[in-house]
Amino acid sequence: MTAKGFDVGAWIERLAAALVELEEVERPYLHSYQQQKTRKVVIVNGKDTTPFPLDDLRMVYSSARYSERFGQDAEYARLRSVLDPTRHILLSHPELERVAVAGRTVGENNFWLRMLDSGTSISAGDLIAGLMARAAEISGDRFRVAAGELNDLLLPKREKPPDVLGNLDAACDALLFFGLTVPERIDVEAGMTILPFRKFRRFVERELVDELTPSGLGVHDWRSLGAVVRPYRWRPRFQRAGRVNEPSRHPGERFFVDARTLLDLIAVSHEAPVVPLASMCNRIDLSAGQLLGRSKIGSGVLGTWSAGGLDGFSEMPMISPEGVDEALEAFRNRRSVR
């Protein structure tokens, strides 16, 4: 099928309907697999925040894929009867059909997924598991929404201006910092924005934040964290084959130097310590990574600094409009004789 004759609306509807049935059929297989291993449960403030078992589901699909080889044909027959048609629908998308190594009706299909700073071989089953993981994060007509989001990522990159508050194609380089409460987004200049952590957290794993920040910071829901970001748009690339050591996007050093200068000026204007915690590059929305079947994204951490000696339990000062204006005036004159 050519892209010109492809009916994306019909593809989304068919894929969403297949995923609804697959979710019901796969449930006992996933439960059986999880009973055979230790599963980590994450409780935060009394709530179960355990991530969706994406890797477990990928293993279940893989077991179904190789069931005949290991004499488990009958055991996985029911799951394969639903999984195979779902895979067939998924791979009828022109962007995936173009790169799938085998025919859509035979076996499992592997191809190469290229992201900003990494490449890996994935299967159609991995993408289906990713759709399940993404659907678990949203409400309403969740499978149709997830299928629509995957189609958006498969399309050519949009020419709209980059916006870190946009869709799943948002990405950024960032300097994470601690020391002031930032209530709302602050636009510094073209290509540089300050975000409160609640709007940046979609780009960084919880484990990394816990590792970098002073203990007790979660008491205040990380309000004393913020990030200076450089936003841009990205698209995954699907190829028949690839290499792990392919050239990756390089963020350049100027942004991080300028971001450190900005934080120093903000610290002076507020008469308060503002501590950089980590410089990060090629950060994509974690939900986009899951949608593409990846439970872990490349670290993208260029450097870290210690916030030792600072009390994470104390609420940090609120950033002030006057202090921001004073810092930005100096920052925008940073390359002048002054």
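Which residues does Leu 90 touch, not counting residues up to four places away in sequence?

**Figure 1. Surroundings of Leu 90 in the predicted model.** The structure shown is a predicted model. Leu 90 touches Trp 11, Leu 15, Leu 96, Ala 124, Leu 127, Ile 128, Leu 131 and Leu 150, with residues up to four places away in sequence not counted. Leu 90 is also, together with Leu 22, Phe 238 and Leu 292, one of the residues that touch the most other members of the largest nonpolar core. That core has 55 residues. Elements giving two or more residues to this core are α1 (8-35), α2 (54-65), α3 (77-90), β3 (110-114), α5 (124-137), α6 (142-154) and α10 (286-291). Helix α1 supplies ten residues, the largest share. Another core lies apart from this one and has 24 residues, including Cys 172, Ala 174, Val 204 and Trp 222.

**Figure 2. The whole chain, for orientation.** The chain contains eleven helices and eleven strands. Of its 338 residues, 49% are buried. Among contacts between residues at least 6 apart in sequence, 75% join residues at least 24 apart. The accessible surface is about 16600 Å², and carbon and sulfur atoms account for 52% of this area.

**Figure 3. The open sheet of six strands.** The strand order is β6-β7-β8-β5-β10-β11, and the pairing is antiparallel. β6 (186-189) and β11 (301-304) are the edge strands; each has a single partner strand, so one side of each has no neighbour in the sheet. From one strand to the next, the twist averages 20°. In general, strands of a sheet pair through backbone hydrogen bonds, in either a parallel or an antiparallel sense.

Figure 4. β10 (residues 275-284) pairs with β11 in the antiparallel sense over three bridges. Within this pair, Met 280 stands opposite Val 301 of β11. Helix α9 (residues 254-270) packs on the sheet and touches β5 (170-178), β6, β7 (192-196), β8 (225-233), β10 and β11. The direction of α9 makes about 40° with that of β5. Helix α11 (residues 321-332) also packs on the sheet, where it touches β6 and β7. Its direction makes about 20° with that of β6.

**Figure 5. Strand β5 and its two partners.** How many of the nine residues of β5 are buried? The count is nine of nine. Both faces of the strand are covered: Ala 170, Cys 172, Ala 174, Leu 176 and Phe 178 are buried on one side, and Ala 171, Asp 173, Leu 175 and Phe 177 on the other. Cys 172 and Ala 174 are also among the members of the core of 24 residues. β5 runs antiparallel to β8, to which nine bridges join it. One of the residues in this pairing is Leu 175, whose bridge partner in β8 is Val 228. β5 also runs antiparallel to β10, with seven bridges between them. Here Phe 178 stands opposite Val 275 of β10.

**Figure 6. Gly 179 in the loop between β5 and β6.** Gly 179 is placed in the loop that links these two strands. Is Gly 179 buried or exposed? Its relative accessible area is 2%, so Gly 179 counts as buried. Not counting residues up to four places away in sequence, Gly 179 touches Ser 224, Pro 273, Met 316 and Pro 317. Ser 224 is 45 residues from Gly 179 along the chain, and their C-alpha atoms are separated by 5.6 Å.

Figure 7. Most residues other than glycine have a negative phi. Glu 271 has a phi near 50°, a positive value in a residue other than glycine. The location of Glu 271 is the loop between α9 and β10. With 75% relative accessibility, Glu 271 counts as exposed. Asn 282 has a positive phi of about 55° and is likewise not a glycine. Asn 282 belongs to strand β10. At 4% relative accessibility, Asn 282 counts as buried, whereas Glu 271 counts as exposed.

Note on methods
Residues are numbered from 1 along each chain as its sequence is written. This is a predicted model: local features need pLDDT of at least 70, side-chain atom pairs count only at pLDDT 80 or more; totals for chains, interfaces and linings use all residues. Side-chain values use heavy atoms; hydrogens and water are left out. A nonpolar core is a set of buried Ala, Val, Leu, Ile, Met, Phe, Trp, Tyr and Cys residues joined through side-chain atoms within 4.5 Å. Buried means under 20% relative accessible area, exposed over 50%, partly exposed in between (1.4 Å probe, protein chains only). Helices (H or I, at least four residues) and strands (E, at least two) are DSSP runs, numbered from the N terminus. Contact means heavy atoms within 4.5 Å. Two strands pair if DSSP finds at least two bridges between them. Axes are lines fitted to C-alpha atoms, for helices over the stretch in contact, and angles run from 0 to 180 degrees between N-to-C directions. Accessible areas come from the Shrake-Rupley method with a 1.4 Å probe; for residues, only the protein chains shown count as cover.
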